[in-house]
Amino acid sequence: MKFFKISIALVALACQAQAQKWNVEAPPGPKKNVTIATTEGTWMNLDVSPDGKTIVFDFLGDIYGMPIAGGKAAVLSAGHSYEVQPRFSPDGKMISFTSDREGGDNIWVMNADGSNRHSVTKENFRLLNNAAWTPDGNYLVARKHFTASRSLGAGEMWMYHKNGGDGIQLTKRKNDQQDAGEPTVSPDGKYVYWSEDVTPGPTFEYSKDPNAGIYAIKRLNRETGNIETVTGGTGGACRPQLSPDGKMMAFVRRIRLKSVLFIRKMDTGEEYPAYDNLSHDQQETWAIFGVYPNFDWTPDSKSVVFYAKGKIWNLDIATLNAVQIPFEVSTQQSITEAVHFPQKVYQEEFTAKMIRQVATSPNGKRIAFNAAGFVYIKDLPSGVPMRVDTLTDFEYDPQFSPDGRYLVYVAWSDAVKGGINMVDLTTKAVTRLTADKGYYYTPKFSNRGDKIIYRRGEGNEALGFAFGVNPGIYTIPITGGTPQLILDNGIYPRFSPDDSKVYYQSRDGGKKAFKVMDLSGANQRTLYTSTYATQFEPSPDGKWMAFTEFFNCYITPLVSTGSALDLSAGNKSIPLTKLTKDAGTFLHWSKDSQRLNWSLGPKYYSREIKNGIPFIEGGADKPSTADTAGIEIGLKLKTDVPEGMIAFTNANIITMHGDDVIEKGTILVEKNMIVAIGKVADVQIPAEAKVYDVNGKTIMPGIIDVHAHLRPSPDGVSPQQDWSYFANLSYGVTTAHDPSSNTEMVFSQSEMLKAGRMVGPRVYSTGNILYGADGDFKVVINSLDDALSHLRRLKAVGAFSVKSYNQPRREQRQQIIEAARQLGMEVVPEGGSTFFTNMNMILDGHTGIEHSIPVTPVYKDVISLWNNSKTAYTPTLIVSYGTQFGENYWYERTDVWKDEHLLNFTPRSIVDARARRVPKSEYGEYGHVDVSKAAKAIADGGTKIQLGAHGQLQGLGAHWELWMLEQGGMSPYRLSVQLQLTALLTLVWIKR
């Protein structure tokens with residue numbers, strides 16, 4: 001009895017702990033407490049008190065105050081939460097600020113002494129920042145962030161009462177990708193001003209030209225509702241701030257290479273430059289928290305106090321004399337240890353994890369599936385998977401015949417393109433059903449077994465486009481013959497239970513649609529539409545609809561009403577049950593409609609539908625838990641290892657041992673291992689070795705590209721030779737980590753590379769990103785359990801890292817980190833060109849920061865924080881944020897289109913389109929050099945800097961990235977060796 005009571009108590013405590021709200025202030029994980037004392041800072045927002053005596057400012061996510069004359073700053077609000085953009089209320093008694101203390105960025109207020117700190121807004125998705133007070137001190141106008149299919153987002157101005165509420169919308173975004181923000185209110189309260197991206201749009205454009213004008217300042221008349229443009233044009237205009245007397249407006253404009261503080265006289269419209277040594281503004285990229293840090297006027301309207309180049313300045317508007325306001329900050333920061341775990345690069349044998357396109361035989365006793373490029377058969381539950389044939393073509397999309405005697409599948413070779421094959425599972429005889437070259441997908445038998453239905457595609461950049469004519473849905477007899485076109489569009493076709501109709505997937509009203517039509521293609525009708533479902537799977541008996549949404553599998557009754565029904569896991573109009581715990585792929589029914597089958601990674605799952613589904617006749621009283629136990633498919637593959645021995649002699653060898661460079665050296669390679677390296681006289685070459693005299697050549701360590709988008713084939717079929725892999729290998733990229741790719745395809749091709757079925761670098765990946773915006777692959781994380789679930793499903797298919805991609809709330813990002821720590825995985829986030837987010841990602845223990853921080857230069861605060869963490873940095877200068885992309889430099893200043901080595905591997909269409917007609921820029925317009933200098937400053941303190949070429953130009957782009965890092969001051973030797981070492985240490989790859 002005591003044990004029983006204790007058990008109940010423990011369960012109750014566990015439930016209570018689970019129910020507790022996540023605390024941003026105290027995330028799990030080992031911590032390091034750091035003190036940073038400095039007299040300079042990076043990208044500091046500030047405000048002046050109404051009496052002109054005090055300045056408040058943010059510094060590494062804490063808020064400080066000090067006398068306007070300067071001095072030692074006193075902390076007003078601090079902690080692990082990240083708090084920025086302080087603004088005094090008109091009476092000086094309160095300070096508003098942006099804080100993520102409750103999970104996401106919201107508007108908070110506190111007393112001027114830092115007491116009584118509390119949130120005003122309570123948003124958990126449409127987050128807020130940049131609050132400005134109305135003159136009566138009762139309301140705050142803030143920027144509200146909106147995203148749709150892309151996570152970049154756009155802003156609207158909303159007004160909130162200081163005591164709370166849902167807010168009042170003041171402006172409407174013109175689309176979901178062009179930003180607006182930096183609100184401020186005129187001293188008389190009549191107008192709300194803000195800055196807005198006024199380029200043509202409607203989609204966000206990277207690397208825009210500020211010389212032509214990007215931002216303009218607009219204002220809303222709160223009395224009439226009219227909106228007008230105040231100023232803009234060449235160099236743009238942003239961060240408006242009205243003087244207390246309402247006669248002038250200070251704002252920021254780009255004048256060639258400088259960000260300049262301008263003054264506008266409101267009565268005449270005259271504008272003049274007042275200070276031309278601001279920090280570089282963020283017009284070229286998106287700037288969720290503002291294009292420039294907040295600044296303010298003094299109460300007498302005679303001076304502007306602002307941040308620039310690490311310091312705080314007081315500018316006299318009459319004399320244009322700027323005086324530095326000295327400050328001293330001592331900040332306490334708690335840094336969560338970054339997640340790093342060991343990974344094995346090589347094993348003689350590996351288990352295939354990316355099992356795809358699983359099909360179950362009609363008798364339920366065997367499965368067919370694709371893995372590492374070929375189709376296998378496995379007898380359930382414990383048979384050894386065997387290839388379905390011995391052909392050299394790649395094989396995809398297997399499906400059993402109704403009697404289980406035959407298997408139909410797609411065959412692919414680069415030479416003859418695709419076709420549909422049928423194999424007799426008894427005799428192993430293979431018959432080619434289609435005669436024409438093309439791109440074939442998802443063949444399925446009719447229920448009578450006399451026909452095959454399939455889709456023919458148009459091709460893609462990986463497979464080519466030749467023979468991609470006449471796409472659509474076709475049928476063909478199993479004896480072969482002339483295919484019959486049913487419809488020129490649609491995907492995933494299959495026959496209805498009586499073979500009289502065809503089900504297929506298409507689009508309808510901007511949504512995915514599950515449709516039905518006659519065998520002639522007539523009488524097309526939409527049965528279901530869905531925003532987020534990715535697979536529609538009706539049962540053979542026509543009673544049930546199974547579907548996948550946000551990675552999980554569900555079942556619901558199949559209902560016909562004469563009009564389209566919405567299919568969604570959130571639809572409560574008819575019963576619905578979730579079948580999977582973490583995820584399920586390749587959902588399909590048993591022949592008798594009594595079981596649903598699916599796979600996840602190397603496991604096969606099968607569930608009797610009456611088991612735990614209460615709305616099915618004979619089902620259990622209440623739903624059972626989602627399935628967690630599956631059958632191991634158990635496909636073991638040998639790692640490809642070359643035979644023989646090779647010696648490279650008379651080479652200059654850059655080693656990875658300190659600064660050691662061997663002149664006239666020898667490298668001896670046996671199979672896949674370097675077995676000896678040294679001076680020519682010190683290395684004996686066995687007689688059986690093949691010798692290459694490379695006199696005059698230099699051999700460096702293979703390049704590890706840790707941010708390499710290699711873009712595998714997007715539609716389920718891989719080429720036998722992938723040009724992007726060849727291009728990278730030809731330029732010395734021997735290992736690539738792709739931090740955003742199609743999960744199914746990248747891990748499948750990674751295993752093909754490992755098994756020697758494709759040639760290319762070693763490829764590792766995060767798979768699909770953990771996306772924070774909208775779309776059918778978005779990742780919803782509202783708890784640690786959610787994060788664990790998503791990371792488990794990715795680890796199941798071969799990921800050891802995940803990419804946290806603009807998850808909007810800080811707590812979500814922290815939950816991903818903790819899930820990774822528990823599962824032994826790594827987290828590389830999308831920084832999103834948001835400096836404050838970059839900094840709290842370091843505080844929270846991300847493995848590395850992907851893409852450049854958008855602020856240059858950086859000062860002691862950022863450098864010290866980063867150096868005291870174990871978070872690495874991949875600046876991807878080739879697509880540097882906050883400035884023109886670095887790749888443009890090389891298109892302009894080198895004859896890329898003449899590079900025959902590049903053209904041996906890269907399609908000429910890609911090179912010519914980018915390289916033959918390019919705009920010209922002054923050298924100073926290439927801000928990637930400043931980003932590179934900042935990266936060097938961070939690296940000099942011990943932070944690991946890594947190479948990431950972003951897949952901009954396969955292979956050659958990695959060398960551009962090396963050269964751009966050298967432009968920032970790194971030495972060639974450091975680049976050729978230490979970048980590879982830091983990549984190894986950051987991703988913790990262990991060779992054996």
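In which strand does Glu156 lie? Glu156 belongs to strand E13, residues 154–161; helices (H or I, at least four residues) and strands (E, at least two) are DSSP runs numbered from the N terminus. The model is predicted, so local features need pLDDT of at least 70 and side-chain atom pairs count only at pLDDT 80 or more, while totals for chains, interfaces and linings use all residues. Residues are numbered from 1 along each chain as its sequence is written, and side-chain values use heavy atoms, with hydrogens and water left out.

**Glu156**

With a relative accessible area of 1%, Glu156 is buried (buried means under 20% relative accessible area, with a 1.4 Å probe and protein chains only). Its side chain makes a polar contact with the side chain of Trp158 at 3.0 Å; such a contact is a pair of N or O atoms within 3.5 Å, where one must be able to donate a hydrogen and the other to accept it. Not counting residues up to four places away in sequence, Glu156 touches (heavy atoms within 4.5 Å) Ala142, Arg143, Lys144, Phe146, Gln169, Thr171, Lys172 and Arg173.

**Helix H12**

Helix H12 runs over residues 956–967. Its 12 residues should span 16 Å at 1.5 Å a residue, and the end C-alpha atoms are 17 Å apart, which agrees; the expected span is 1.5 Å times one less than the number of residues. Because 9 of the 12 residues are buried, H12 is largely enclosed by the rest of the structure. Among them are His959, Trp960 and Glu961. Just after H12, Gly969 takes a positive phi of about 115 degrees.

**Cavities**

The structure holds 7 cavities of 30 Å³ or more. On a 1 Å grid over the protein atoms alone, a cavity is a set of points where a 1.4 Å probe fits but cannot get out, and lining residues have an atom within 4 Å of a point. A volume is the space filled by probe spheres set on the points.

| Cavity | Volume | Lining | Nearest the centre |
|---|---|---|---|
| Largest | about 320 Å³ | 24 residues | His145, Ile288, Asn806, Gln807, Pro808 |

The lining of the largest cavity divides into 9 nonpolar, 11 polar and 4 charged residues. Ala, Val, Leu, Ile, Met, Phe, Trp, Tyr, Cys and Pro count as nonpolar, Asp, Glu, Lys and Arg as charged, and the others, Gly among them, as polar. For the second largest cavity, the lining has 6 nonpolar, 4 polar and 5 charged residues. The largest share of that lining, 3 residues, comes from H6.

Methods
Buried < 20%, exposed > 50% of the residue type's maximum accessible area, 1.4 Å probe, protein only. 1 Å grid on protein atoms, 1.4 Å probe; cavity = no way out; pocket = protein on both sides within 12 Å on 5 of 7 lines; lining within 4 Å.
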